[in-house]
Amino acid sequence: MTEASKANPENFDSFCGYHQTWEGEPITDITETGPGTVCGDYLRRYWHPVHITSELGDNPKLIKIMNEELVLFQDKSGQYGLVHKKCPHRRASLEFGRCDDKGIRCCYHGWAFDVDGTVLDIPGEPAGSISAINVKNKVRLGAYPVKEYKGLLFAYMGPMEELPEFPFYDTFDIPDMVMTPYAGPFACNWIQVLDAIVDPVHTAFLHQSQFSDGFGEMGEIKFYQDKKTRFFGTASRRVGDNIWVRVNELILPNFTQSGSAFAADGTEQRYFGRSAFTRWVVPVDDEHCIAFAWGNFGERGDPMEYNTVEGMQLIEQGELFERSYAEKQASPGDVEAVEGMGSISDHSKEYLVSGDSGISMYRAQIKKNCRNLQKGKRPPQPGVLTDGGVIPTYGSDTILTMPQTQESDKELLCATNDKVMDIIFAGNVLTGEARDKQIISQLKELG
Amino acid sequence: MTGSWIKVCAANDIDEEDLVRFDHGEQTFCIYNTSKGFFATDGMCTHEDEHLEFGMVIDTVIECPRHQGRFDIISGEALSEPVCVNLKTFPVKVEDGDVYIQLA
């Protein structure tokens, strides 16, 4: 439908359903991630998790990432490979091939390929045949570099001359933290899932009864950004005599962390408790995505009792994934909220408000980064957030004892939020345990 | 009576077809680098309480990140729904590689 019909004042009368039946449009600039799309090119400049290591068996596995059908495998020497689905010889699918001592071998005519796509063997061609020489020199199977880290397999699907450093976040290595990989599938576009991390209003409303009473307190909401690469949605909540500052963070394009899911309920002090998950929202195709993550357990993360398949489903979305329709209606989680929008939301019919500022900011920045890339400007890597080495992150819970002193609590909640953020920001000059120690001791001085 | 010129930043601190936010006293502005030169407008969208800092500069148009309302950067004119009140503009000059804004 046209702009004119949107602007038609009849759309805003009471009982105006008839006038509102026009279809909205998604923001295709950021929803489409296939090869050759603007956002697809942008996302292909970053490392993304593509699979859980332990769920890859001895056979090659067909997967789909950003609308590309790919075959993931581990050869018998231990190397991981991520290659285009079809054999460059006669286009048979390599998912039916077998893992060799080195690389993968097609089931159809036995062509063998190394993990970098080089042709290693062409059965049936006499040694020295012109064809064999030409193939080995000129034919390559499309391949991408893979890196395994703590049970997740990451891939870089962009041009090799732009290969970025693998970003190493502080939460990749917190002493005594138990990190368990999980994957949460969503039958909708990646943007719908990503939006929630910078949306602290949904945390209090959708999840009001799923984690703790304190979770349902709306509190004072504030948004911050850091070098236009990191976006925060924070909530400063009153729970009895305590103030609970929960920091959700998004590092572009798709890295997310928050506070804990079950370790904090606002009733007990907590100082810079870390995120329930260290997580990436990865497009499968334009109508599906997977949240790949580690659930983080231990003193600074969530309680060990949630280190189970079910526990991590609760962490990911407040409810179990497999439920009856009646259960979903009774207590919807993120899956219901975001899949209910349809597989690709009609963004042009949204009406964002001030509580959605985090969403409008980060979406606009992704659009800008995409356009800049089209103009030849490299998108910033997460490494811009540090002077080098480990990237400090902020997703956290802090609970301070600060009784309400005035009838209106708003000022104290907002000021406390700012103070907590200032302390966490100031910690950036340090790294690792030294940073944590400084942040925690300064937070303890507040209450 | 004309106001004084206030230094904002170096001209090359603003990418082409982009903007920076500039806060001065109680006021907040956006300073743009476009194909037609440097320009300045009020920082806040005239529709709702949203800063244009994260808006998208498209040639000489700024698009608000919240509802995608558009303004002409040079004239401040409101160009598309839902914005209907024009954006205030301010004179800008570039001298010795620095950008200055003139405030009334």
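**Entry 1. Chain A as a whole**

How many helices and strands does chain A have? I counted 12 helices and 20 strands in chain A. Helices (H or I, at least four residues) and strands (E, at least two) are DSSP runs, numbered from the N terminus. I noted that this is a predicted model, in which local features need pLDDT of at least 70, side-chain atom pairs count only at pLDDT 80 or more, and totals for chains, interfaces and linings use all residues. Residues are numbered from 1 along each chain as its sequence is written, while chains are lettered from A and ligands numbered from 1 in the order in which they are written.

I then looked up the radius of gyration, which is taken over C-alpha atoms; the globule rule is 2.2 Å times the number of residues to the power 0.38. For chain A the radius is 24 Å, close to the 22 Å that the rule gives for 447 residues, so chain A is as compact as a globular protein of that length. Its C-alpha atoms fill a box of roughly 90 × 60 × 45 Å along the principal axes.

I next checked burial. A residue is buried if 20 or more other C-beta atoms lie within 10 Å of its own, exposed if 12 or fewer, and partly exposed in between, with C-beta atoms placed from the backbone. Of the 447 residues in chain A, 45% are buried.

**Entry 2. Strands around β18(A)**

I followed strand β18 (residues 277-285) of chain A and found it mostly covered, with eight of its nine residues buried. Two strands pair if DSSP finds at least two bridges between them. Strand β16 (residues 255-257) of chain A pairs with β18(A) in the antiparallel sense over two bridges, and A:F255 has A:W280 of β18(A) as its bridge partner. Strand β19 (residues 288-297) of chain A also runs antiparallel to β18(A), joined by eight bridges. Here A:V281 has A:A291 in β19(A) as its bridge partner. A hairpin of two residues links β18(A) to β19(A).

**Entry 3. Chain B**

Which elements make up chain B? I found zero helices and 10 strands in chain B. A compact globule of 104 residues would have a radius of gyration near 13 Å, and chain B agrees because its value is 13 Å. The C-alpha atoms of chain B fill a box of roughly 40 × 30 × 20 Å along the principal axes. I noted that 34% of the 104 residues of chain B count as buried.

For confidence I read pLDDT, the predictor's confidence in each residue, from 0 to 100. Chain B has a mean pLDDT of 94, and 98% of its residues reach 70 or more. The model scores ipTM 0.86 and pTM 0.94.

**Entry 4. Where the chains touch**

Of the 18 residues of α10(A), 14 are buried, which leaves the helix mostly covered. Just after α10(A), A:G376 takes a positive phi of about 100 degrees.
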